[in-house]
Amino acid sequence: MSLFVSILLNALAHYSIKVGMKGLDLASLKSEALWAIVFKAIVQPSLLLGMLLFVTSLIAYSYSLSKIPLNIAYPIFMSLGIIFVSLLSFFALHESFRWIQILGMGFIFLGVGLLSFRGIS
């Protein structure tokens with residue numbers, strides 16, 4: 001369960017950072033010093049939320065690793081993360097989706113199922 005929570009928090013962190021970066025007008029910031037750009041980015045509420053979600057995801061993932069072998073947890077984390085972020089970007093950000101991406105996510109889902117299968121002992 002903590003692995004699933006970690007994946008969900010990680011996907012939400014990516015979404016929050018994307019929203020926060022869309023809120024910045026980077027074209028107008030090109031003439032400013034790097035530290036000023038970093039400061040403007042850091043004080044964006046969506047970016048701060050994204051950072052907090054990443055930290056929380058890391059805590060949940062670390063707990064997961066105490067219960068699940070790394071060679072199972074990491075591929076599941078990465079694979080389901082791709083699916084969650086893709087779905088979130090499609091539904092919440094209205095980014096485009098092609099049929100080949102859907103097919104790819106189907107293969108990822110199948111792979112996660114195979115990784116999770118422990119078989120008969």
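The model is predicted: local features need pLDDT of at least 70, side-chain atom pairs count only at pLDDT 80 or more, and totals for chains, interfaces and linings use all residues. Residues are numbered from 1 along each chain as its sequence is written, and side-chain values use heavy atoms, with hydrogens and water left out. The protein chain holds five helices and zero strands; helices (H or I, at least four residues) and strands (E, at least two) are DSSP runs, numbered from the N terminus.

**The whole chain**

- Reading along the sequence gives the pattern α-α-α-α-α.
- Of the 121 residues in the protein chain, 29% are buried. Here, buried means under 20% relative accessible area, exposed means over 50%, and partly exposed lies in between (1.4 Å probe, protein chains only).
- The accessible surface of the protein chain comes to about 8200 Å², and 74% of that belongs to carbon and sulfur atoms. Accessible areas come from the Shrake-Rupley method with a 1.4 Å probe; for residues, only the protein chains shown count as cover.
- Among contacts between residues at least 6 apart in sequence, 75% join residues at least 24 apart. A contact means heavy atoms within 4.5 Å.

**Helix α1 and its neighbours**

- Helix α1 has 21 residues and reaches 30 Å from its first C-alpha to its last, close to the 30 Å expected at 1.5 Å a residue. The expected span is 1.5 Å times one less than the number of residues in the helix.
- The buried residues of α1 are S2, L3, S6, I7, L9, N10, A11, A13, S16 and G20. They pack against α3 and α4.
- A handy background point is that an α-helix has 3.6 residues a turn, so residues three or four places apart point the same way.
- I7 lies in helix α1 and counts as buried because its relative accessibility is 2%. Leaving out residues up to four places away in sequence, I7 touches I76, F77, L80, G81 and F84.
- I7 and I82 are 75 residues apart in sequence, and their C-alpha atoms are 9.4 Å apart in space.
- S16 is also placed in helix α1, and it counts as buried because its relative accessibility is 6%. Leaving out residues up to four places away in sequence, S16 touches S46, L47, L49, G50 and L53.

**Aromatic pairs**

- How many aromatic pairs does a search of the whole structure find? The search finds four. Rings of Phe, Tyr and Trp (its six-membered ring) pair if their centres lie within 6.5 Å; planes under 30 degrees apart count as stacked, over 60 as edge-to-face and the rest as tilted.
- The rings of F4 and F84 have centres 5.6 Å apart and planes at 90 degrees, so this pair is edge-to-face. Because F4 lies in helix α1 and F84 in helix α4, the pair ties together parts that are 80 residues apart in sequence. F4 is partly exposed, with a relative accessible area of 42%.
- F90 and F91 also form an edge-to-face pair, at 4.9 Å centre to centre and with 80 degrees between the planes. F90 is partly exposed at 31% relative accessible area, whereas F91 is exposed at 57%.
- Ring pairs link F90, F91 and F97 into a cluster.

**A salt bridge**

- A search of the whole structure finds one salt bridge, which is defined as a side-chain nitrogen of Lys or Arg within 4 Å of a carboxyl oxygen of Asp or Glu.
- E95 forms the salt bridge with K18, and the closest N and O atoms are 3.8 Å apart. The pair links distant parts of the chain, 77 residues apart: K18 is in helix α1 (residues 2–22), while E95 is in the loop between α4 (70–91) and α5 (99–116).

- V38, F39, I42, V43, L48 and M51 make a nonpolar surface patch of about 520 Å². Patches are made of residues with over 30% relative accessible area and no salt bridge: like charges are joined within 9 Å, nonpolar side chains (Val, Leu, Ile, Met, Phe, Trp, Tyr) within 5 Å.
- Helices α2 (34–42) and α3 (45–65) each supply at least two residues of the patch, and α2 gives the most, with three residues.
- M51 is in helix α3 and is partly exposed, with a relative accessible area of 39%.
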